[in-house]
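Here is a short briefing to read with the model open beside you. Please keep the sequence at hand as you go through the points.

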Amino acid sequence: GGHRVQDLDGYKATVRYVGPVAASKNPSEIWLGVEWDNKTRGKHDGSCVDSKGVFHRYFECQMGSGSFVKPTKIKPPYSFFDSLRDRYVAMNAEQITHDNVLPDCFVNTAKGNHINIEFVGELKIRKYQQIDVVNKVAMRCSGITHIGKMEDISSSTEHIEEVDLQDNLLWQWEEVGSLCHQI
């Protein structure tokens with residue numbers, strides 16, 4: 001336990017238990033017992049009662065902040081270097097817009113019509129996304145769970161002087177130390 005996770009709706013939690021839960025329909029199925037950061041997100045305190053009325057304690061937390069979650073409802077691990085590669089793209093990378101229109105993005109009008117959302121200036125923004133020239137990288141709220149290996153990106157990172165990792169899912173200082181060692 002102790003790993004930080006985020007569910008598919010963006011809620012963050014700490015894993016307190018991994019294994020079967022006696023009260024589930026399939027008692028051999030693996031669940032994650034989590035304590036939510038939002039203390040009202042859960043349903044219990046890390047315990048349950050099975051169909052025979054037997055009490056089971058899997059972990060302890062404040063009442064209402066615990067849940068048992070299927071692993072498929074949790075976002076997969078995401079490394080710092082994967083996030084860096086995704087956020088800082090090459091000038092010749094494929095554009096996300098076509099004729100300045102974001103695909104599958106629109107707003108609904110009061111009459112029920114769809115108006116496409118335009119994204120003007122994508123190439124201008126890319127000038128500030130060049131990992132080979134920036135010395136400060138902002139990776140806030142990126143869902144980063146671990147650092148990973150620098151081989152995951154092709155660019156050199158020696159020139160990076162500042163990294164903003166606010167509001168991510170890192171939970172061990174060893175991971176931050178690994179980042180410092182690699183860049």
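**Briefing: a buried arginine and its surroundings**

Arg-4 is buried, with a relative accessible area of 17%; buried means under 20% relative accessible area, exposed over 50%, and partly exposed in between, using a 1.4 Å probe and protein chains only. This is a predicted model, in which local features need pLDDT of at least 70, side-chain atom pairs count only at pLDDT 80 or more, and totals for chains, interfaces and linings use all residues. Residues are numbered from 1 along each chain as its sequence is written, and side-chain values use heavy atoms, with hydrogens and water left out.

**Salt bridges**

- The structure holds 11 salt bridges, each being a side-chain nitrogen of Lys or Arg within 4 Å of a carboxyl oxygen of Asp or Glu.
- One of them joins the side chains of Arg-4 and Asp-37, at 2.6 Å from N to O.
- Arg-4 sits in strand 1 and Asp-37 in the loop between strand 3 and strand 4 (47-49), so this pair ties together parts that are 33 residues apart in sequence. Helices (H or I, at least four residues) and strands (E, at least two) are DSSP runs, numbered from the N terminus.
- Asp-37 itself counts as partly exposed, at 40% relative accessibility.
- Another salt bridge brings together the side chains of Asp-9 and Arg-41, 3.7 Å from N to O. This pair also links distant parts of the chain, with Asp-9 in the loop between strand 1 and strand 2 (12-19) and Arg-41 in the loop between strand 3 and strand 4, 32 residues apart.
- Asp-9 is exposed, with a relative accessible area of 62%, while Arg-41 is partly exposed at 30%.
- Asp-86 and Arg-85 form a salt bridge through their side chains, again 3.7 Å from N to O. Asp-86 is partly exposed at 45% relative accessibility, and Arg-85 is partly exposed at 41%.
- Elsewhere, salt bridges that share partners join Asp-7, Asp-9 and Arg-41 into one network.

- An open sheet is formed by 4 strands in the order 1-2-3-6, with antiparallel pairing; two strands pair if DSSP finds at least two bridges between them.
- Its edge strands are strand 1 (4-6) and strand 6 (66-69), each of which pairs on one side only.
- From one strand to the next, the twist averages 45°. Axes here are lines fitted to C-alpha atoms, for helices over the stretch in contact, and angles run from 0 to 180 degrees between N-to-C directions.
- Strand 3 (residues 31-36) pairs with strand 6 in the antiparallel sense over 4 bridges, and Val-34 stands opposite Ser-67 in strand 6.

**The nonpolar core**

- The largest nonpolar core has 13 residues, and those with the most contacts inside it are Phe-80, Leu-84, Tyr-88, Ile-131, Val-137 and Met-139. Helix 1 (residues 80-87) supplies the largest share of this core, 3 residues.
- Such a core is a set of buried Ala, Val, Leu, Ile, Met, Phe, Trp, Tyr and Cys residues joined through side-chain atoms within 4.5 Å.

**Around Gln-182**

- Gln-182 is found in helix 3 (residues 173-182) and counts as buried, at 19% relative accessibility.
- A polar atom of the Gln-182 side chain lies 3.1 Å from the backbone oxygen of Gly-148.
- Leaving aside neighbours within four places in sequence, Gln-182 is in contact (heavy atoms within 4.5 Å) with Phe-81, Ile-147, Gly-148, Lys-149, Met-150 and Thr-157.

How values were computed. A polar contact is a pair of N or O atoms within 3.5 Å; within protein, one must be able to donate a hydrogen and the other to accept it, and residues adjacent in sequence count only if both atoms are side-chain atoms.
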